[in-house]
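Let's take a friendly look at where oppositely charged side chains pair up in a protein. Have the structure open as you read, and find each pair as it comes up.

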Amino acid sequence: KESIMMKLIRMLTRGVRDAFKSVFRNFSLSIASVSCISITLVVVAIAIIASWNVNSITDSIKKDVTIVVFVNQKATDLDLEKIDSELRDIKNIESVVLKTKEQEKKEMMEESEIFESIMADWDEDESPLKDSFLIKVTNLEDIKSTVEQIKKIDLIDVVNYGESMVEKMLGAFDIIEKVTIVIVLALVLVNVFLIVNTIKLTIFSRKREISIMRLVGASNFSIKYPFVVEGMVIGMIGSIIPILIVIYGYTYLYTYFDGVIFSSLIKLIDPQPFVYIVSLIVLGIGIVVGMIGSSRAVRKYLKV
């Protein structure tokens with residue numbers, strides 16, 4: 001087993017070494033493939049970063065949706081404890097925070113001098129304010145059924161979560177997520193097509209070289225293998241510039257905007273380790289597409 005493994009490693013090492021030599025020997029042709037890969041991978045990288053951030057922003061907004069539950073004014077402290085316990089027993093509820101009418105009064109008075117002048121003389125019996133619970137759910141898609149369960153609890157007067165707005169928001173987010181996925185996949189497929197055809201042209205120009213290999217009795221694998229490895233090397237080299245743009249460009253953008261665009265609701269993903277994950281994806285696409293392009297060119301165009 002070890003000898004087979006060593007042979008494979010030696011063959012791959014030799015193949016990569018020869019591929020680098022071939023790239024520089026056919027520099028003018030290889031540079032066209034490398035340039036095409038670099039340009040198209042930059043577009044793919046931007047699309048991946050944009051879609052990932054859009055999905056992150058939508059997830060963040062979803063988590064900020066809060067159900068506000070107003071309790072009957074007759075509820076005692078014991079009733080509030082019981083309601084709190086019943087709310088926490090509902091599966092889809094992630095967190096429950098009690099906001100007493102005294103806290104609500106204090107916050108409103110701090111926010112406005114008008115409220116302060118009106119509420120200053122209110123005693124507990126005169127206050128129209130109600131105790132409330134602020135609730136966050138685990139799964140926003142199940143919020144409607146969760147609200148129905150909350151309404152069944154005794155001494156609950158009103159449950160408010162902006163039903164129409166949330167439903168519209170969920171619909172919009174669903175469309176946004178699907179559109180971003182389609183855009184990224186479409187860009188990847190278009191770029192794969194461009195890269196594969198560029199590499200095909202590069203390898204087609206070396207038809208004579210392959211014909212000589214066939215004349216001396218080289219097997220199909222012996223002919224294909226060097227070109228596939230060369231395609232892998234071209235893909236790796238073509239990925240360098242997009243990776244540098246991802247790492248330094250996105251980090252600069254994040255620092256320049258202080259991680260936020262327009263408002264605190266629209267937060268960018270932290271560069272660490274995000275840029276390295278995207279870089280690995282870009283490198284993987286470059287290598288795979290380079291190998292596929294070379295393999296298809298040798299097989300179909302040169303009929304090996």
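In this predicted model, a search of the whole structure turns up three salt bridges.

| Salt bridge | N to O distance |
|---|---|
| Asp84 and Arg88 | 2.6 Å |
| Lys99 and Glu104 | 3.4 Å |
| Lys130 and Asp157 | 3.0 Å |

Start with Asp84 and Arg88. Both sit in helix H3, which covers residues 77–88, and they are four residues apart, so about one helical turn separates them. How exposed are the two partners? Asp84 counts as buried because its relative accessibility of 17% is under the 20% cut-off. Arg88 has a relative accessible area of 49%, so this residue is partly exposed.

Next comes the bridge between Lys99 and Glu104. Lys99 is buried, with a relative accessible area of 18%, whereas Glu104 reaches 22% and is partly exposed.

Finally, find Lys130 and Asp157, whose side chains meet in a salt bridge. Which parts of the chain does this pair link? The two residues are 27 apart and join distant parts: Lys130 lies in the loop between helix H5 (113–119) and strand S3 (132–137), while Asp157 belongs to strand S4 (residues 156–160). Lys130 is partly exposed at 28% relative accessibility, and Asp157 is partly exposed too, with a relative accessible area of 35%.

Terms used:
Residues are numbered from 1 along each chain as its sequence is written. This is a predicted model: local features need pLDDT of at least 70, side-chain atom pairs count only at pLDDT 80 or more; totals for chains, interfaces and linings use all residues. Side-chain values use heavy atoms; hydrogens and water are left out. A salt bridge is a side-chain nitrogen of Lys or Arg within 4 Å of a carboxyl oxygen of Asp or Glu. Buried means under 20% relative accessible area, exposed over 50%, partly exposed in between (1.4 Å probe, protein chains only).
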